[in-house]
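Biologist: Please take a close look at how the elements of one chain are arranged, and at the places where they meet one another and the partner chain. I would be grateful for a connected account, with each cut-off stated once.

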Amino acid sequence: MQNAQLRLKSVSSQATTILITLLGLLVLTFVIGRMMPADPVRAIVGEDATRETYEMVYHQLGLDRPIWEQFLRYLGDVLTGDFGTSIRTGQPVMQDILRAMPATIELATFAILIGAGLGIPLGVTAAVNKDKWQDHIIRVFSLFGHSMPIFWTGMIALIVFYAHLGWVGGSGRMEQFYIGMVDERTGFLLIDSLLAGEMDVFWSAVNHLILPASLLGYSSSAYITRMTRSFMLDQLGQEYMTTARVKGLSRGQTIWLHAFGNIRVQLVTIVALAYGSLLEGAVLIETVFAWPGFGQYLTNNLIIGDMNAVMTCVLIVGVIFIVLNLLSDLLYRTFDPRTK
Amino acid sequence: MTVKDTDMPRQASQLPSSLLVLRNILTFLMRSPTSAFGLIVLGLLIVIAAFAPLIATHDPYAQDLANTLKAPGNGHYFGTDELGRDIFSRLVWGSRISLTIIFLVSIVVGPIGMIVGTTAGYMGGRLDTIMMRITDIFLSFPSLILSLAFVAALGPSLNNAIIAIALTAWPPIARLARAEAMTFRKADYIAAARLQGASDMRIIFKSIMPMCLPSVLIRLTLNMATVILTAAGLGFLGLGAQPPMPEWGAMIATGRRYMIDSWWLVTFPGLAILTVSLAFNLLGDGLRDALDPKQMNRR
């Protein structure tokens, strides 16, 4: 009974924390939006509007109201799901972003599969061979991935693998030729093309996806490798490892069944956090590969100073991060008996 | 354990003991090939930046329209760009921009993070909660995205890029300083200082901050690779240093149009960024080992 009360208390305090963080996030995006040098009225009415029209729109946008009132209005808009209209496309910002999101999710999901598939075995190998040559090579290899400017690696990879070797597709999500051949049902090109039974489009999409996803995955594997290594080292130093060996288990069995089994939960939380930070790399890699996703949408609007779009994009990234943090926290609490 | 000697703010013994510590750390770093590489590269970077006018073979801004997009060789080590400017000389001068960014970001971020973190950690209570909430909000963004938004708000330029990076880089430092301050808060020497009538302000600045300094410095070094990459990313997106400045990221952005036929336009600036950021990462990795108490005990 007391336990349940404690849990309720911790849940409610966590909920307050999240609400405050969200409010802070909104203040931050509001401030960024207000600081932007682009004149939102000018952007709507155009360069050669009369003074009256200008004044009227200025008033309509509420820019003549005190700043706190403007903030409350922004808060009200966001709460009712109104994120404003993009000046560039003339569409509601949310609609634009929802259309761009699947391309980024597709890219990021493949990237995280590659990153985890690379990082976890490397981290385990490094930990098992601590301070031996394997450890050093893995350390340099993963730091290399962490140090490369991903937009540059993207270009070099395009020159080598696309222009010279011709192994993969170039920029975009598929060959120009196939664009419009598949109906957009889910927005995920791989799924859509499979649903439509268009295998050519499917392979073209895979061909275009593989290079940016590998680069993103490699860059995120650095973090995963480092964390896996340090978690594994903690486990390998424990006495139960010796016990397991004495019981007659092989070295491989103790490593993979016992030590690795114990770090699975921690790894899931790490991978969830790495998934969020892929968004950062996505902004740059989407620019290089002309990938029509969230990152490209953000940078295009930044350059022309489309306030509503930028504010909403920043807000969404913040919310994604909060949700991922919360998820990894919840996972930890659910699976780790010590936190009960 | 020699590390702790730096924490003593004694006027008389400070110089020799801190120099000794520095020497110990350097010998430790030079023993591992990877951190030695980092140290040497960064030393080279500083030398190149300091003697840029002597090392550069050409004026980094001088256009030579008769010799555009020339491949490496013939007096141009790394070739020429679309306006006939010597890429090697532009890279050499660009090292000054990179060092300026690192330096300015560090001297802004270090003190801000220290003050916020130590004050929150030492005072505790409501002030701590409020300050850490603000820190958390900043931490809930990937640094590049938040810098992007700030630059968009301030307008694209090198100075604004530096401000934007600094605005996003202080929270981890504050977090660290707070954690450190909280461990020292209950120490006897702090209680002694308080009994002697020292004000909170004096305790924070004179007794807590010097103790937090070493770990904050390491954290700053570790952050520099990220700072370099973020600055280059901003430059690449056209939101950082503006052409014709020889900033490495901006050079890649302009070279992008010619990359298929003239690979050297993007290859060399990218290698420069990669080398410097790798050097910082390797050095940071080595520093972490050098100052890790577990490692120290083992030796």
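Modeller: Read from the N terminus, chain A runs α-α-α-α-α-α-α-α-α-α-α-α-α, that is, 13 helices and 0 strands (DSSP runs numbered from the N terminus, with helices being H or I of at least four residues and strands E of at least two). This is a predicted model, in which local features need pLDDT of at least 70 and side-chain atom pairs count only at pLDDT 80 or more, while totals for chains, interfaces and linings use all residues; side-chain values use heavy atoms, without hydrogens or water. Residues are numbered from 1 along each chain as its sequence is written, with chains lettered from A and ligands numbered from 1 in written order.

The C-alpha trace of chain A spans about 85 × 65 × 40 Å along its principal axes. Of its 340 residues, 46% are buried (under 20% relative accessible area, with exposed meaning over 50% and partly exposed in between, for a 1.4 Å probe and protein chains only). Among contacts (heavy atoms within 4.5 Å) between residues of chain A at least 6 apart in sequence, 71% join residues at least 24 apart.

The buried residues of α6(A) are A:Q134, A:D135, A:I138, A:R139, A:S142, A:L143, A:G145 and A:S147. Within chain A, these buried residues pack against α5 (93–128) and α9 (199–236); in chain B, they pack against α9 (200–236) and α11.

Helix α5(A) also meets helix α12(A), residues 294–304: their axes come within 7 Å and cross at roughly 135 degrees (axes are lines fitted to C-alpha atoms, for helices over the stretch in contact, and angles run from 0 to 180 degrees between N-to-C directions). The two helices are therefore oblique to each other (angles under 35 degrees count as roughly parallel, over 145 as roughly antiparallel, 65 to 115 as roughly perpendicular and the rest as oblique). On the α5(A) side the contact involves A:V93, A:D96, A:I97, A:A100, A:M101 and A:T104, and on the α12(A) side A:F294, A:G295 and A:Y297. By class, these residues comprise 6 nonpolar, 2 polar and 1 charged (Ala, Val, Leu, Ile, Met, Phe, Trp, Tyr, Cys and Pro are nonpolar, Asp, Glu, Lys and Arg charged, and the others, Gly among them, polar). The loop between α11 (251–288) and α12 of chain A holds A:A290. Although A:A290 is not a glycine, its phi is positive, at about 50 degrees, and its relative accessible area of 37% makes it partly exposed.

Two further residues of chain A deserve attention. A:F202 lies in helix α9 and counts as buried at 14% relative accessibility. Residues up to four places away in sequence aside, A:F202 touches A:L190, A:S193 and A:L194. Its C-alpha atom is separated by 34 Å from that of A:D306, 104 residues away along the chain. A:V314, in helix α13 (residues 307–335), is buried with a relative accessible area of 2%. Excluding neighbours within four places in sequence, A:V314 contacts A:T29 together with B:F141 and B:A149. A:V314 and A:I32 are 282 residues apart in sequence, and their C-alpha atoms are 9.5 Å apart in space.

For the partner chain, helices α10(B) (residues 248–255) and α11(B) (residues 264–290) pack at about 155 degrees with their axes 8 Å apart; they are therefore roughly antiparallel to each other. The residues in contact are B:W248, B:G249, B:M251, B:I252 and B:G255 of α10(B), and B:L265, B:V266, B:P269, B:G270, B:A272, B:I273 and B:V276 of α11(B). This contact has 9 nonpolar, 3 polar and no charged residues.

B:L69, in the loop between α3 (52–55) and α4 (87–123) of chain B, has a positive phi near 50 degrees in a residue other than glycine; at 29% relative accessibility, B:L69 counts as partly exposed.
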